[in-house]
Amino acid sequence: MSAGWRGAGLLLRQTPRGTACAAGTDRWVGLIARYRDDGNYHYVTLRNSGSLDIKKLVNGTIQNLVTVPFPVQPDVSYRVRLEAIGTRVRAYVNGTLRAEATDASLTPVASRAGVATYKAALDLDNFLISQP
């Protein structure tokens with residue numbers, strides 16, 4: 001996790017390894033924004049089930065904000081960007097806006113950002129956090 005920030009953009013080149021795309025459990029790689037603690041943050045995931053999701057975790061409860069189809073291939077690099085500005089949360093892949101949600105439950109206060117995975121491995125490059 002990064003040091004405190006008030007929200008803007010996270011940019012990362014992610015390359016899911018073959019195990020990240022294996023069949024079975026819904027494996028994913030992604031980015032976290034507005035991380036306050038283990039039970040409160042926004043995040044975007046690229047899933048082996050073929051979707052990109054923007055989700056939130058509030059008081060330990062996961063809620064899906066938006067899901068769009070997105071086939072994830074093993075050993076292919078994806079430039080993933082997660083923006084959390086005001087009440088908007090946007091996800092870009094390779095420079096193209098793929099999903100957008102509005103959520104006021106996690107207001108833009110000092111928080112952290114980072115990378116997350118679930119039953120997946122990935123190679124990381126060029127992790128960047130920016131604030132307007």
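The model is predicted: local features are described at pLDDT of at least 70 and side-chain atom pairs at pLDDT 80 or more, while totals for chains, interfaces and linings use all residues. Residues are numbered from 1 along each chain as its sequence is written, and side-chain values use heavy atoms, without hydrogens or water.

**The sheet**

Let us start with the strands, which are DSSP runs of E with at least two residues, numbered from the N terminus. Five of them form an open sheet in the order E5-E4-E3-E2-E9, with antiparallel pairing. Two strands count as paired if DSSP finds at least two bridges between them. At the edges are E5 (61-69) and E9 (112-118), each of which pairs on one side only. From one strand to the next the twist averages 20°, taken between N-to-C directions of lines fitted to C-alpha atoms, on a scale from 0 to 180 degrees. As a reminder, strands of a sheet pair through backbone hydrogen bonds, either parallel or antiparallel.

| Strands | Bridges | Example pair |
|---|---|---|
| E2 and E9 | six bridges | Trp-28 and Tyr-118 |
| E3 and E4 | seven bridges | Val-44 and Ile-54 |
| E4 and E5 | eight bridges | Ile-54 and Val-66 |

Eight of its eight residues are buried, so E4 is largely enclosed by the rest of the structure. Buried means under 20% relative accessible area, exposed means over 50%, and partly exposed lies in between, with a 1.4 Å probe and protein chains only. On one side of E4 the buried residues are Ser-51, Asp-53, Lys-55 and Leu-57, and on the other they are Leu-52, Ile-54, Lys-56 and Val-58.

Two hairpins involve E4. The one with E3 has three residues between the strands, and Gly-50 there takes a positive phi near 95°. The one with E5 has two residues between the strands. Asn-59, in the loop between E4 and E5, has a phi near 50°, a positive value in a residue other than glycine. Asn-59 is exposed, with a relative accessible area of 67%.

At 1% relative accessibility, Arg-34 counts as buried.

Thr-45 lies in strand E3 and is buried too, at 0% relative accessibility. Its side chain makes a polar contact with the side chain of Arg-47 at 2.9 Å. A polar contact is a pair of N or O atoms within 3.5 Å; within protein, one must be able to donate a hydrogen and the other to accept it, and residues adjacent in sequence count only if both atoms are side-chain atoms. Beyond its neighbours within four places in sequence, Thr-45 is in contact (heavy atoms within 4.5 Å) with residues including Trp-28, Ser-51 and Asp-53.

**The nonpolar cores**

A nonpolar core is a set of buried Ala, Val, Leu, Ile, Met, Phe, Trp, Tyr and Cys residues joined through side-chain atoms within 4.5 Å. The largest has 22 residues, and those with the most contacts inside it are Val-44, Leu-46, Leu-52, Ile-54, Phe-70 and Tyr-78. Strand E6 (78-85) is among the elements that give two or more residues to this core, and E6 gives the most, with four residues. Apart from this core lies another of seven residues, among them Trp-28, Ile-32, Tyr-41 and Leu-57.
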